[in-house]
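Subject: The structure, and what turned up in it

Hi there,

Here is the structure I promised to pass on. Please open it alongside this note, and my findings follow below.

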Amino acid sequence: MYGEFGSGAGVKAFYLQTTLTPHQLNWTTLISDIPGSERWPVRDLFQRNVDEHRVTSSLLPYLQDLRAIKFFNPLTLTLLPMRRGKVLSNMPEMLDFIRPEGGRQWRIVERKGTFEFRWTTDDPHYGSVKWRDTHAKLVAIDGQHRLSALKRLLKDTESAARAQFLEWQIPAVIVQFRRDTRVQDGPTSSLDVVRRIFVYINTEARKVQEEREILLSDEGVAAVCTQELVQRSHENDLDPNRNDACLPLLFFDWMGEHETGDKRTSLKSIVEVRDWLRHFLLVLDSDSDYTDTLRSLDIEDKTPLATAIRRGRLDYQTAQLVRDRANSSVLTGLSYLLENFGPYAEFTARIRGIENMVRSDISDVRRHALAKLRFGTHQAPEKAHRQVADEADRLLRRIEALKREIPTPLSLDIGMRGIVAAFASLRRAFGDPPWPEYAKWFTRWLNRAYRESWLTTPSEEDRSDWLLRHVVEDHDRRVVNYRFKHVGEAFGSYVELLIVAYGRDRPAAWKGEFEDIRQDRLDSLSKVLRRGYRREVRPGLRIQYPEGGKPLTRAVNAHAQQKVAFHIHRLEKAIESILTGEQRVA
């Protein structure tokens, strides 16, 4: 049955609704089975890694259960035009014509030498599609896990359900796209169109994982910037002449966790990275007027791009412009910080050591295992899958050991949240200096503060007098002020104090007076400390003021204020020791 939709965004979709026999499933291809698919840009990896646990523990048993009533939605398939193992980047040019054959009038739409759709003009129930499988791959837009399970059942000659399965007719929709020649500036990439359809199907029907949605959506500024940051690592890791200082792809949890709760190899999820951008660097909160967003992207206000950003949702063209601006502005700063901050630079160097060891190993199993951890898939033959999984577990344990070497609180979310909050806040305080110059300056002094132990948890005997008590950890050793709305005024303000004290060499052209910044951040920390010390002293004072009420509140406030004053005094002495170059005062 042939059908088509009207055009949108300069593209028209047309399709055949049909059924496939089980053996015709061999005509289809999983994205992960296309050699070289791991090299596609991250935004185009719309359906790559199959969740093996979901297939083997849920879908396959359902198909094999002779007592279960079988039904599922049609597979949504598309033909990707290929040349020499790569997907053609441009939207295919189509021929559209009428041809009389066998006493019928046939309407034919074809990409010459690649595929052809045809149907009878008087009855669209009679239609067909054919393709040259050396020039096109029939892949799933929606239903990849169903397709994987169905293919496994076809191979399983021992299954009691297989004989019945061979009689099935499996519903499928084969959809294709062509340019509307009347529209000049629509999407030009086949994968770009397929990606958008995938996002729509999955966000409307069943929510895709948040990590996957971030990598696919181009409507939000923070998501677009996150994609570009991950793409830098993805592209670099695939480059034979890669830059080993660049963040490895293993730094990011960019694929998300599966239902099994697999342990992460990464230091940071891309949800976390997206939220750094959203809350600190781009300031995209509910009350945002997008002024800070434009400043971070170095975009002039009242330009067409600025207007599009203020609307809150990007279209196809403005998303690409934001990518270009982000790569020449905020991402240059954030990339430099992440690549050169002491504990992260050490993690990167150790990861590169593991990768180089694997790369020089004569064993293909290790290389496949590393590919599994980095890209979520590998090309090992099926008989080696168990070995690859075991080796991936061994590599994972080595990486987990590296993660444990990062000291607290930097190993926790609060650590980098505070640092990125300070990084963004100080740039605004200095009048938005150029990102490359500012990032080098900030990171230089951040590393000095790290080396001199201002950012890490002290030994047990020094814990009670720790300057970060009630800033990142309360009197009961619980992490506090870690939420995005609190971390800037707490750990972020503390980091800013250290940076401006160390970084007295900042260029004269940068705005912001040291004393104004210092006093503002001390005021923020005083409020944070007051909340913490009030919680600390209240239980002990309840014994002295059993009646509670205002007498207890006044006593709590008075005792807390004394502790805050002493804490701020110690903090000021610490800042003074940095300014004078004296031995640090912990």
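Let me start with arginine 325, which is partly exposed because its relative accessibility is 30%; that label covers the range between buried (under 20% relative accessible area) and exposed (over 50%), using a 1.4 Å probe and protein chains only. Before going further, please keep in mind that this is a predicted model, in which local features need pLDDT of at least 70 and side-chain atom pairs count only at pLDDT 80 or more, while totals for chains, interfaces and linings use all residues. Residues are numbered from 1 along each chain as its sequence is written, and side-chain values use heavy atoms, without hydrogens or water.

Back to arginine 325: you will find this residue in helix 10 (residues 316-327). Helices here are DSSP runs of H or I with at least four residues, strands are runs of E with at least two, and both are numbered from the N terminus. Leaving out neighbours within four places in sequence, arginine 325 is in contact (heavy atoms within 4.5 Å) with Leu297, Asp298, Ile299 and Leu305. Isoleucine 299 is 26 residues away along the chain, and its C-alpha atom is 7.7 Å from that of arginine 325.

The overall picture

The protein has 19 helices and 13 strands. Of its 586 residues, 52% are buried. Among contacts between residues at least 6 apart in sequence, 68% join residues at least 24 apart. In helix 1 (residues 52-64), the buried residues are Val55, Leu59, Leu60 and Leu63, and their cover includes helix 2 (144-155).

The strands

Strand 10 (residues 136-142) is largely enclosed by the rest of the structure, because six of its seven residues are buried. Two strands count as paired if DSSP finds at least two bridges between them. Strand 3 (residues 28-29) runs parallel to strand 10 and is joined to it by two bridges, while strand 4 (residues 75-83) runs antiparallel to strand 10, with six bridges. Leucine 138 in strand 10 is the bridge partner of threonine 28 and also of leucine 79.

Strand 6 (residues 95-101) and strand 7 (residues 104-111) pair in the antiparallel sense over seven bridges, with arginine 99 opposite tryptophan 106. Their hairpin has two residues between the strands, and glycine 102 takes a positive phi near 55 degrees there. Strand 7 is also joined to strand 8 (residues 115-120), antiparallel, by six bridges; arginine 111 has phenylalanine 115 as its bridge partner. In this hairpin, with three residues between the strands, glycine 113 has a positive phi near 80 degrees.

Cysteines and surface

How many disulfides are there? The count is zero, taking a disulfide as a pair of cysteine sulfur atoms within 2.5 Å. Cysteine 225 counts as buried because its relative accessibility is 0%, and cysteine 246 is buried too, at 10%.

The protein exposes about 27,900 Å², of which carbon and sulfur atoms supply 48%; accessible areas come from the Shrake-Rupley method with a 1.4 Å probe, and for residues only the protein chains shown count as cover. Valine 479 lies in the loop between helix 16 (435-451) and helix 17 (484-502), and is partly exposed, with a relative accessible area of 37%.

Happy browsing, and do write back with any questions.

Best wishes
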